[in-house]
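Hello,

Here is the structure I promised to hand over. My notes on it follow below.

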Amino acid sequence: AGTAWAQGKPEDSVVVYSAADSDMVNAVVAAFEKKYPGIKVSTVVAGTGEIIKRMEAEKERPLGDVGWSFGPEAIGDKKGLFEPYLSKEAGGFFPGQVPADRVWTPFTTMPYVIMYNKKLVSEAEKPKAWKDVLDAKWKGKVAYADASKSGSSYTLLVTWLSIYGKNDAGWKFVEDLLRQSKVLPKSSMTYQGVANGEYPIGLTFEQAAFEYLKGGAPIGLIYPTEGTAITLDGSAIIKNAPHPNAAKLFLDFTVSMEMQELMVDRFGRRSVRKDVGSPAGLPTLDKIKAITYDLDYAANNRTQLLKRFQDALIKPQ
């Protein structure tokens with residue numbers, strides 16, 4: 001354990017900002033406090049957009065130590081808020097997952113999907129492609145969270161621009177899709193709404209939908225025929241964090257074999273580790289048609305893409 005402590009003795013508390021589901025946050029925090037009883041974890045759970053706003057507001061005197069499980073595009077867009085760190089678990093990751101600048105650490109791998117409610121959508125009429133969601137019969141029936149608030153919705157926005165063009169053609173697809181959609185203030189309202197029959201269709205990430213499927217909700221997952229993003233969510237150490245050593249210990253813990261197995265077995269997330277298998281009941285990644293998702297483009301253009309998104313949102317329907 002010598003190397004684990006090379007970063008200095010951990011403090012007796014750590015403040016974690018996370019965009020993960022609260023039940024996932026609670027499970028990991030409980031396991032961490034059990035393993036490290038001397039460290040008290042406080043959490044703030046919010047959407048990626050809100051977390052970044054909060055970190056920016058606190059920049060002169062950070063109150064948080066680590067951002068865990070939120071959009072790496074947002075981290076890449078605001079690199080100045082974070083402290084580069086290479087996790088001591090990084091040797092166990094699949095190659096190519098740690099960015100060269102080490103400003104964030106991958107947490108899990110997430111394919112993006114169309115989720116549908118089987119009581120409201122028949123197998124014959126279910127959409128097979130992103131563009132099928134534009135069918136007139138789905139008008140007002142598609143749940144999608146506001147990309148300026150939700151990291152997963154921002155990833156979807158870049159996915160559609162990657163498929164249909166990072167130009168006016170791509171934006172026409174986005175505008176048409178927004179006219180079809182109920183744009184919701186947070187991503188959890190999308191998958192909850194589809195699972196409980198409020199909306200027939202939702203645009204979201206695989207694990208959110210899969211958890212409801214495992215829980216017995218009447219839903220199905222569609223991997224669109226044009227291809228979809230298979231991206232990482234990430235974690236990062238906040239620059240000038242009050243508890244930097246405990247922060248690194250917490251971040252390392254989230255990508256330990258034990259926690260990654262918990263993610264796969266209990267939450268249906270896909271691991272970033274080579275020594276952890278895929279969730280039972282989900283296709284292996286090589287069976288899903290993936291697009292090339294340009295993370296640098298998504299990070300470096302986030303501010304202007306979200307401005308154009310917000311303009312599209314208020315266009316007369």
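Predicted model: local features only at pLDDT ≥ 70, side-chain atom pairs only at ≥ 80, totals over all residues.

**Notes on the model**

Residues are numbered from 1 along each chain as its sequence is written, and side-chain values use heavy atoms, with hydrogens and water left out.

Salt bridges

Side chains of opposite charge can pair when their charged atoms come close. A salt bridge here is a side-chain nitrogen of Lys or Arg within 4 Å of a carboxyl oxygen of Asp or Glu. By this rule the count is 18. Lys40 is paired with Glu33, with 3.5 Å between the closest N and O atoms. Glu33 is partly exposed, at 24% relative accessibility.

Lys88 and Glu89 form another salt bridge, again with the closest N and O atoms 3.5 Å apart. Lys88 is partly exposed at 46%, whereas Glu89 is buried at 17%.

Asp311 and Lys307 also meet in a salt bridge, at 3.2 Å from N to O. These two residues are four apart in helix α11 (residues 302-314), so about one helical turn separates them. Helices (H or I, at least four residues) and strands (E, at least two) are DSSP runs, numbered from the N terminus. Asp311 is partly exposed, with a relative accessible area of 38%, and Lys307 is exposed at 51%. Elsewhere, salt bridges that share partners join Lys88, Glu89, Arg273 and Asp275 into one network.

Ile39

Ile39 is in the loop between α1 (22-35) and β2 (40-45). With 7% relative accessibility, Ile39 is buried. Leaving aside residues up to four places away in sequence, its contacts (heavy atoms within 4.5 Å) include Pro10, Val14, Phe32, Glu33, Ala246 and Leu249.

Helix α4

Helix α4 (residues 151-164) has 14 residues and spans 20 Å from its first C-alpha to its last. That is close to the expected 20 Å, the expected span being 1.5 Å times one less than the number of residues. Eleven of the 14 residues are buried, so α4 is largely enclosed by the rest of the structure. Among the buried residues are Tyr154, Leu157 and Trp160. Just after α4, Gly165 has a positive phi of about 120°.

Pockets

On a 1 Å grid over the protein atoms alone, a pocket is an open set of points where a 1.4 Å probe fits, with protein on both sides within 12 Å along at least five of seven lines; lining residues have an atom within 4 Å of a point. A volume is the space filled by probe spheres set on the points.

The largest pocket holds about 740 Å³. Of its 39 lining residues, Ala19, Gly47, Ser187, Ser188 and Tyr191 lie nearest the centre. The lining has 14 nonpolar, 15 polar and ten charged residues; Ala, Val, Leu, Ile, Met, Phe, Trp, Tyr, Cys and Pro count as nonpolar, Asp, Glu, Lys and Arg as charged, and the others, Gly among them, as polar.

The second largest pocket holds about 430 Å³ and is lined by 22 residues, with Pro99, Trp104, Leu232, Leu295 and Asp296 nearest its centre. Helix α10 supplies the largest share of that lining, four residues.

Regards

Terms used: Buried < 20%, exposed > 50% of the residue type's maximum accessible area, 1.4 Å probe, protein only.
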